[in-house]
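Biologist: Please walk me through this model. Keep it simple; I'm new to this.

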Amino acid sequence: MNIRIKALIACIVELFLFSFISFFLFIAFFKLAFFSFPFSAFIWTFWGFNVFTLIFGVKILARYKISFAFLNFFAVGILIIVLVAGLGAEINIWYIIIAAAIVAVLYILLSVHFIKTYWRLVAEEVLRWFGKNSQTEKKNDDSCTTKYPVFFVHGIGFRDRKILNYWGNIPRLLEECGAKVFYSNHDAWANTEAAAIQIAENLKKVLDENKIEKVNVIAHSKGGIDIRYAISKLGIKDNIASVTMISSPNHGSKTLDGLYKFFGEKLFKFTAVFVNFWFKILGDKEPDFFKATYLLRASSMEKFNLEIKDEPSIPVQTFAGKMKGMFSDIIMSFTYFILHFRDGDNDGMVGIESAKWGNFRGLLEGNGFFGLSHVQEVDGYRTNPAIKEHEGLPEGSKTIRDFYLSLVHELKGKGL
């Protein structure tokens, strides 16, 4: 199981367990309840280190956890003694000063040792967040040096940014293996037509500036619908070598149909006022929450598919993600639950059946207790989840990052 998943489970368990123990200690001491705080400081130290692991993906040695736990116990204990002394208890202040000095020195020594052990690992993780390589990382090989560059098309609600890249660490790894990577740079909440126009304009700019003829498109979520429209309607078909769609709602969402029917268009238009205003501030040129979601209904996509035709000369392949249950991704548990009633198995945003289009090659599914969510399909949490090696997936797809590396390597093998 991924180290961050283990840390997440530990954090959740400890949050409830330690809270209960701390409350019990507080009640048990009754009038002298403040004496429970040193014990609480001891046990909450472990939760803090698991949060550290969750953020940076670094496993902390037990000796650090235990050492800091004892130091926290003594530090808070000394603080309590000082408070008691201040209330008039007859305690020699010099004993307190000496004890505090010893604890402080131990803190400094242990902290220096801790930083020396982990600073490089943490620094590398932070650099990855900002899309940069650390000095210890080197380019690997030319296994992903395709004839045509990779052109990433993001999904709804997000933008292409250097900091906290939509595609996680995937672009960096592809470039290390020789791939050239470009981005669509379209709005987060543009409707399909507006998004397609932006994508086509940005693609032509990339082609002209880099003197290239075509690109291999990898699109996620609504990005697949946007690129289909651009190819069919905006004259870029001669510039597309291949299209790979990952969990794109090609047949729309029956759940979204139901929500529009139940709540009516007025609620969505009301919501759109706030979403559009906020994303305009964040940089969107033409945010259009209402039209963007309205088209993704199953009924709307049925009409869309009758009008928007694929170009026979462009190979199109699709993949679908699948969560194993509500707890595959806590953040997407609610959307998974709602979608499951009408759209069946899904990844928290898109049903499996809806994602099928062109050459459907199979499922991206978590290997283990946890499944794979819509966000994890693009390494959104930077956890690189392990996936099942289904027959239809590119060979060597053991993790989500391996999947993309193998996918682009496969395109290279096809002469694309």
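This is a predicted model: local features need pLDDT of at least 70, side-chain atom pairs count only at pLDDT 80 or more; totals for chains, interfaces and linings use all residues.

**Salt bridges, sheet and surface**

Biologist: Buried, exposed or partly exposed: which one is Arg 159?
Modeller: Arg 159 counts as partly exposed, because its relative accessibility is 21%. Buried means under 20% relative accessible area, exposed means over 50%, and partly exposed is in between (1.4 Å probe, protein chains only).

Biologist: How many salt bridges does the structure hold?
Modeller: The structure holds 14. Another one joins the side chains of Arg 228 and Asp 310, at 3.9 Å from N to O.

Biologist: Why does that pair tie together parts that are apart in sequence?
Modeller: Because Arg 228 lies in helix H7 and Asp 310 lies in the loop between H11 and E5. Those parts are 82 residues apart in sequence.

Biologist: What about Asp 345? Which residue does it bridge to?
Modeller: Asp 345 bridges to Lys 322, with the closest N and O atoms 4.0 Å apart. Asp 345 is in the loop between H12 and helix H13 (352-355), and Lys 322 is in strand E5. They are 23 residues apart. Asp 345 is partly exposed, with a relative accessible area of 33%.

Biologist: Which residues are in a network with them?
Modeller: Salt bridges link Lys 322, Asp 345, Glu 365 and Lys 388 in a network.

Biologist: New topic. How many helices and strands does the chain have?
Modeller: There are 14 helices and six strands. Helices (H or I, at least four residues) and strands (E, at least two) are DSSP runs, numbered from the N terminus.

Biologist: In what order do the strands lie in the sheet?
Modeller: The order is E2-E1-E3-E4-E5-E6, in an open sheet with parallel pairing. Strand E2 (181-183) and strand E6 (359-365) are the edges, each pairing on one side only. Two strands pair if DSSP finds at least two bridges between them.

Biologist: How many bridges do E3 and E4 share?
Modeller: Strand E3 (residues 215-220) and strand E4 (residues 240-246) pair over six bridges, in the parallel sense. Ile 218 stands opposite Thr 244 in E4. Ala 219 faces Met 245 there.

Biologist: Is E4 mostly covered or mostly exposed?
Modeller: E4 is mostly covered, with seven of its seven residues buried. Across the chain, buried residues make up 49% of the 416 residues.

Biologist: Now the outside. Which residues form the nonpolar patch?
Modeller: Leu 8, Ile 12, Leu 15, Phe 16, Met 326, Phe 327, Ile 330, Phe 337 and Phe 341 form the patch, with about 880 Å² of accessible area together. Helix H1 (3-29) and helix H12 (333-343) each give two or more residues. H1 has the largest share, four residues.

Biologist: What counts as a patch?
Modeller: Patches use residues with over 30% relative accessible area and no salt bridge: like charges join within 9 Å, nonpolar side chains (Val, Leu, Ile, Met, Phe, Trp, Tyr) within 5 Å. Areas come from the Shrake-Rupley method with a 1.4 Å probe; for residues, only the protein chains shown count as cover.

Biologist: And where is Phe 327?
Modeller: Phe 327 is in the loop between strand E5 (316-322) and H12. Phe 327 counts as exposed because its relative accessible area is 54%.

Biologist: Last one. What box do the C-alpha atoms fill?
Modeller: Roughly 90 × 55 × 40 Å, taken along the principal axes. The C-alpha atoms of Lys 303 and Leu 110 are separated by 65 Å. Lys 303 is in helix H11 (residues 298-307) and is exposed, at 65% relative accessibility.

Notes
Residues are numbered from 1 along each chain as its sequence is written. Side-chain values use heavy atoms; hydrogens and water are left out.
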